[in-house]
Each structure stands twice: as structure tokens, then as C-alpha cells.
Amino acid sequence: MHFLSAFNLLYSVSGFAVGLLVGLTGVGGGSLMTPLLVLLFGIHPSTAVGTDLLYAAATKTVGTGVHGLRGTVDWGIVGWLAAGSVPAAAATLLILAHAGAQNSSTNHVITFVLGIALLATAVAILFRRVILGYFARRGAPDPRRTRIATVVLGLILGALVSLSSVGAGAIGVTVLLVLYPSLPASKLVGSDIAHAVPLTLIAGCGHWLMGSVNFTLLFSLLVGSIPGIIIGSLVSSRTPDHVLRPILASTLALVGGRLIF
């Protein structure tokens, strides 16, 4: 009874809206959900990040199942990414635990990193074609360097996601498209989603151990977001990409700037 009384319909409505946008655009929920929780609902940044990480782990597990059944996951890429991201996430969590996840200095760092991550996501969304076109003209990448770059990407994502819950979506996919131009985009998206499951689960559990997860909030978000993602995915083909992406990128840039300044 206490759990039901604490259930917040407004969080579920917000979860539905974010889920709808994720289904429409494919952009990770962290870049939308975490700033919404911080700026609109006044949730403490570390709690917003921790809760959103477990939220992402749950939703991306479903997504991984779908991609796995369709054969659109390259498990080799997932392994190379995880080789960098898992140690980086563990190290970042240890630093957060030592600094104190709830103190004002940590709060400032998380907010700043979140703002930077949102600005980087906005750039990745808005200029993806330009970025891919530039690297396409440089020729095929060397396989050994590609593997090393994949591990380095994992390292960056591990630290970034653990601090802000943002980065494993638009940023990760954009870099993977540069590193693996010969692979289908659907396979890279599926690999990115599959890699995000262990990363967000480990990072989310770390935040949980530090007391930075609100499970009532998590449940409320999932109740709204799951139908939102389904509906958004069903109508995504009818929505013009050239209209959605600039609006989404501009919104993320404005929110990122607001968090930084």
C-alpha cells in the first residue's frame, strides 16, 4: 500500500514522453530523462543518474533481446567495448564513493559532466552525416587500430555513463559508424544497445550501493516509458527524420547549456 501511495503518475507521464521520443529518434533515454528529473522535478543529480542507469538497464535489456533475435548484434564489438567500459565504470564509481555521491562538490561535477555530455550528444545528432562523410573520405580503417579505438571508446563511455548516464546512445553509435563503416547501421545500433546493458547495470548497482537510486521513481518511469517506446517505434517510420533531429539536438543543447551555466 505504501509503495502504491508513493507511486507518482507525473513521473509515469514523463516516462511515456521520453519513451515516445526514444522510440521515434533512437536517442538514449539518459540524454532526455536525467536532465528532466534534475531540472523539472528537482531530483538530486546523483539520484537522477543512479535511477536512470537502472531504468536504462531494464529498457535496453528488452532492446537487446529484440536485436539478438534479429541477428543485429556483433558480440565481438560488444566485447571490445566492455573491455574498456567495465573497468572505467568501476574506477569512476570508486572515485564517486570516495568523494561522497551526495555532497555538493560531487553534485557540481555530475551536473557539469551531464551538461557537457548533452552538448556532445546534440553535436553527434545534428552533424552525424557531416562527421561520417569526413571519415569516409579517409579510407578504410586499420583493423588493429579499430579494435584499440573501440576499447578507448568503451573507456570514455564507461566513465561518462557512470557520471552522467548519458553517452551510450547517440555518441556511441556515431563513433561506431566511423570505426565500422562496412557494417550495417542496424548491427551497430544493436551492438551499442547490447553493450549498454552490462555498463548501465554495473554503474546503476554502484549508485544503488551508494544510496543514489529511488526505486519508486524507477518503477513509475518504467510504467510510462515501456508503452511510450513501443508506440514511438511503431510510428517512427512515418515521422520525418529531418524535422525531429534538429528539434531534439537544439533541445539537448539548450538543456546542456543550462546545466553548465
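**Figure 1. Helix H6 passes helix H8 in a left-handed crossing.** The model shown here and in the other figures is predicted. H6 covers residues 104-126 and H8 covers residues 143-164. The two helices pack at an angle of about 120°, and their axes lie 9 Å apart.

**Figure 2. Helix H4 packs against helix H10.** H4 is made up of residues 45-70, and H10 of residues 185-209. Their axes are 7 Å apart, at an angle of about 140°. Angles count as roughly antiparallel over 145 degrees; H4 and H10 are therefore oblique to each other. H4 and H10 make a left-handed crossing. By class, the contact of H4 with H10 has 13 nonpolar, 11 polar and one charged residues.

**Figure 3. Ser31 is a buried residue in helix H3.** H3 runs over residues 30-39. The relative accessible area of Ser31 is 5%; because buried means under 20%, Ser31 falls in that class. Neighbours within four places in sequence left aside, Ser31 is in contact with Leu118, Thr121, Val166 and Leu252.

**Figure 4. The protein chain has 12 helices and zero strands.** This view sets the close-ups in context. From the N terminus on, the order of elements is α-α-α-α-α-α-α-α-α-α-α-α. The C-alpha trace spans about 60 × 45 × 40 Å along its principal axes. A compact globule of 261 residues would have a radius of gyration near 18 Å, and the value for the protein chain, 17 Å, agrees with this. Of the 261 residues, 49% count as buried. Among contacts between residues at least 6 apart in sequence, 84% join residues at least 24 apart.

Key:
Residues numbered from 1 in each chain as written. Predicted model: local features only at pLDDT ≥ 70, side-chain atom pairs only at ≥ 80, totals over all residues. Heavy atoms only, no water. Axes fitted to C-alpha atoms, helices over the stretch in contact; angles between N-to-C directions. Helix = DSSP H or I, 4+ residues; strand = E, 2+ residues; numbered from the N terminus. Parallel < 35°, antiparallel > 145°, perpendicular 65-115°, else oblique. Left-handed = near helix turned anticlockwise from the far one by under 90°. Nonpolar A, V, L, I, M, F, W, Y, C, P; charged D, E, K, R; others polar. Rg over C-alpha atoms; globule rule 2.2 N^0.38 Å. Buried < 20%, exposed > 50% of the residue type's maximum accessible area, 1.4 Å probe, protein only. Contact = heavy atoms within 4.5 Å.
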